[in-house]
Amino acid sequence: MTSFGTANAAAATNTSGPAAWPDISGIYWTNIYSPKIQPVGGGDPPYMAAAMATYKKNMAAVKTYALDDTARKLCTPDGVPRILESPYPFEIVQSPDRGEIHILYELNHVIRFVTMNKPLPSADELETFPFYSGHSAGHWDGDTLVIETAGFNEKTFLDNSGAPHTDQLRTIERIRKINGGKELEDVVTVHDPGVFTKDWSARFVYQARPDIRMMDYACGEKHRDLSPVKGVQGH
């Protein structure tokens with residue numbers, strides 16, 4: 001697993017040219033949904049005591065629709081890793097000639113821009129210009145796309161149950177095709193010393209769906225049928 005001390009440096013020194021990029025482009029859709037993020041190995045994220053108290057308070061507020069969640073009330077971006085557990089499809093668009101990858105999410109029209117030819121902005125820039133989805137820099141590790149993201153604002157949650165974070169949040173995703181290209185795996189490692197006692201990871205698997213097309217998402221209006229996604233009832 002790439003560590004947070006080396007991922008950004010790897011992005012800056014990545015020597016694999018555009019012609020060598022593996023092809024992970026396409027539309028993907030999960031077939032299972034959980035409002036609560038599931039760390040690898042089970043249990044809750046390793047929150048410090050004060051942060052766990054906040055998390056429990058947020059979970060209670062979700063049940064009464066009292067949580068101040070702009071992603072659901074105003075359709076602002078979900079942030080990472082919350083967007084990774086979305087029950088809606090997403091599309092990966094690779095632009096090797098531009099040194100860019102875009103991940104387009106149907107939910108809330110979220111667009112994540114991943115630069116492949118330069119490192120993350122400086123710490124000062126990340127602090128001055130925080131984004132809902134953060135700033136992302138990527139590189140290839142064999143057939144795996146490694147994305148480091150930092151510079152988040154504090155207006156998002158880590159999942160749909162109200163898991164909190166601070167502006168110290170950083171994530172590393174390792175994305176690759178599995179099962180003969182029929183599925184896409186995204187293993188995200190979460191680092192936030194402001195609320196967690198240690199780093200932790202979650203794993204998401206999506207089905208390749210070349211048979212569907214992205215749809216328009218109108219906040220508050222009826223849109224895609226999510227009944228094929230197990231566990232989506234009540235979302």
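Visitor: How many residues does the largest nonpolar core have?
Guide: The model is predicted, so local features need pLDDT of at least 70 and side-chain atom pairs count only at pLDDT 80 or more, while totals for chains, interfaces and linings use all residues. Residues are numbered from 1 along each chain as its sequence is written, and side-chain values use heavy atoms, with hydrogens and water left out. A nonpolar core is a set of buried Ala, Val, Leu, Ile, Met, Phe, Trp, Tyr and Cys residues joined through side-chain atoms within 4.5 Å, and buried means under 20% relative accessible area (1.4 Å probe, protein chains only). Tyr47 and Ile101 have the most contacts inside the largest one, and its size is 47 residues.

Visitor: Which strand gives the largest share of this core?
Guide: Helices (H or I, at least four residues) and strands (E, at least two) are DSSP runs, numbered from the N terminus. Several elements supply at least two residues each, including strand 1 (26-29) and helix 2 (49-63). The largest share is four residues, and it comes from strand 9.

Visitor: What is the span of helix 2, from its first C-alpha to its last?
Guide: Helix 2 has 15 residues.

Visitor: Is valine 40 buried or exposed?
Guide: Valine 40 sits in the loop between strand 1 and helix 2. It touches Ser201, Ala202 and Arg203, leaving out residues up to four places away in sequence (contact means heavy atoms within 4.5 Å). Exposed means over 50% relative accessible area, with partly exposed between that and buried. Because its relative accessibility is 56%, valine 40 counts as exposed.

Visitor: How far apart in space are valine 40 and serine 201?
Guide: Along the sequence, 161 residues separate valine 40 and serine 201. In space, C-alpha to C-alpha, the distance is 5.7 Å.

Visitor: What volume does the largest cavity have?
Guide: On a 1 Å grid over the protein atoms alone, a cavity is a set of points where a 1.4 Å probe fits but cannot get out. Points are joined across faces, edges and corners, and a volume is the space filled by probe spheres set on them. Searching the whole structure turns up one cavity of 30 Å³ or more. The largest cavity's volume is about 70 Å³.

Methods: On a 1 Å grid over the protein atoms alone, a cavity is a set of points where a 1.4 Å probe fits but cannot get out, and a pocket is an open set with protein on both sides within 12 Å along at least five of seven lines; lining residues have an atom within 4 Å of a point. The expected span of a helix is 1.5 Å times one less than its number of residues.
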